[in-house]
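These are my notebook entries on a single model, written down in the order in which I looked things up.

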Amino acid sequence: MLELRRVSVAYGHISALTDVSLEIRPGTISLLAGANGAGKTSLLRVCSGLVAPSAGTIVFEGETIAGLPAHRVAARGIQHVPEGRRIWPTLTVREHLQLASHHVAAARRRALEEEIVALFPRLRERWTQDAARMSGGEQQMLAIARGLAADPKLLLIDELSLGLAPVVVGQLFRALEAIHARGVTLLLVEQALHQALPYAHYGFVLENGRLVVEGAPDALRNNEAVRKAYLAV
């Protein structure tokens, strides 16, 4: 579905990604791990068109998207749930979903809204409430819901569990499993590897902007460097 071919990203003279090549297969949940500053967010940003690669190319469903602006990448079916949620504090849940789904046919939009509130019943309860008055967990649900409202083929989620209580994180991972079951491919950035691995089909580890390890969940669990750095073993 998505292929990065020797992609590099730089901010001025600072290199964020160097010569990264990877593939995301359709119908999978892929996990992207790494320490702070490893380049995880930059990888999602270059995939969604928020930054342009300084080298290499990106292919989505057979078409080159490297360098396209974010709105054109989104129109092709890639949605990005950013780190820190980035919800609009003065808008309601309903208004968030309306803005995200403006390009979706009316019948499909209604169906997506029903799917979203079935996944996140709390959002139905907060339907007309300003996002600023919602809890952190509710705001993360809303950020994911906003991505789903755009009817994505591929959903990129940056730091799902950041700053959230374990019980909420468990709810969110179960919601991701249900989203995947509906046919959405997922690429998830997550530092809590022990929580994310049971849901993943494949994983990648970045270090200083380079891809250093990849493989199925069992291969990552059995990799000594990954165990020491991310699984506290």
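Predicted model: local features only at pLDDT ≥ 70, side-chain atom pairs only at ≥ 80, totals over all residues.

**Entry 1, strands β6 and β7.** I looked up β6 (78-81) and found that this strand pairs with strand β7 (residues 154-158) in the parallel sense, over four bridges. Within that pairing, Ile78 stands opposite Leu154 in β7. I then asked which residues of β6 lie on either side of the strand. Ile78 and His80 are on one side and Gln79 and Val81 on the other, and as all of them are buried, I recorded both faces of β6 as covered.

**Entry 2, the open sheet.** Next I traced the sheet formed by four strands, which is open, runs in the order β2-β1-β4-β5 and has antiparallel pairing. Its edge strands, each pairing on one side only, are β2 (14-24) and β5 (63-64). For strand β1 (residues 2-11) and strand β4 (residues 55-60) I noted five bridges in the antiparallel sense, and I looked up Glu3, whose bridge partner in β4 is Val59.

I listed the buried residues of α3 (93-100) as Val93, His96, Leu97 and Ala100. Why do I describe them as lining one face of the helix? Seen down the axis of α3, the buried residues fall within an arc of 90°, so they line one face. I set beside this the general rule that an α-helix has 3.6 residues a turn, so residues three or four places apart point the same way. The cover over the buried residues of α3 includes α4 (106-119), α5 (121-125) and α6.

Leaving out residues up to four places away in sequence, Glu138 touches Arg122, Leu123 and Arg126.

**Entry 5, the largest pocket.** Last, I recorded the volume of the largest pocket, which is about 710 Å³. Its lining comprises 25 residues, with Leu50, Ala74, Gln79, His80 and Arg146 nearest the centre. By class I noted 12 nonpolar, eight polar and five charged residues in this lining. The elements that each supply at least two lining residues are α1 (40-47), α2 (70-75), β6, α3 and α6.

Technical notes
Residues numbered from 1 in each chain as written. Heavy atoms only, no water. Contact = heavy atoms within 4.5 Å. 1 Å grid on protein atoms, 1.4 Å probe; cavity = no way out; pocket = protein on both sides within 12 Å on 5 of 7 lines; lining within 4 Å. Points joined across faces, edges and corners; volume = space filled by probe spheres on them. Nonpolar A, V, L, I, M, F, W, Y, C, P; charged D, E, K, R; others polar. Buried < 20%, exposed > 50% of the residue type's maximum accessible area, 1.4 Å probe, protein only. Arc of directions from axis to C-beta. Pairing = 2+ DSSP bridges.
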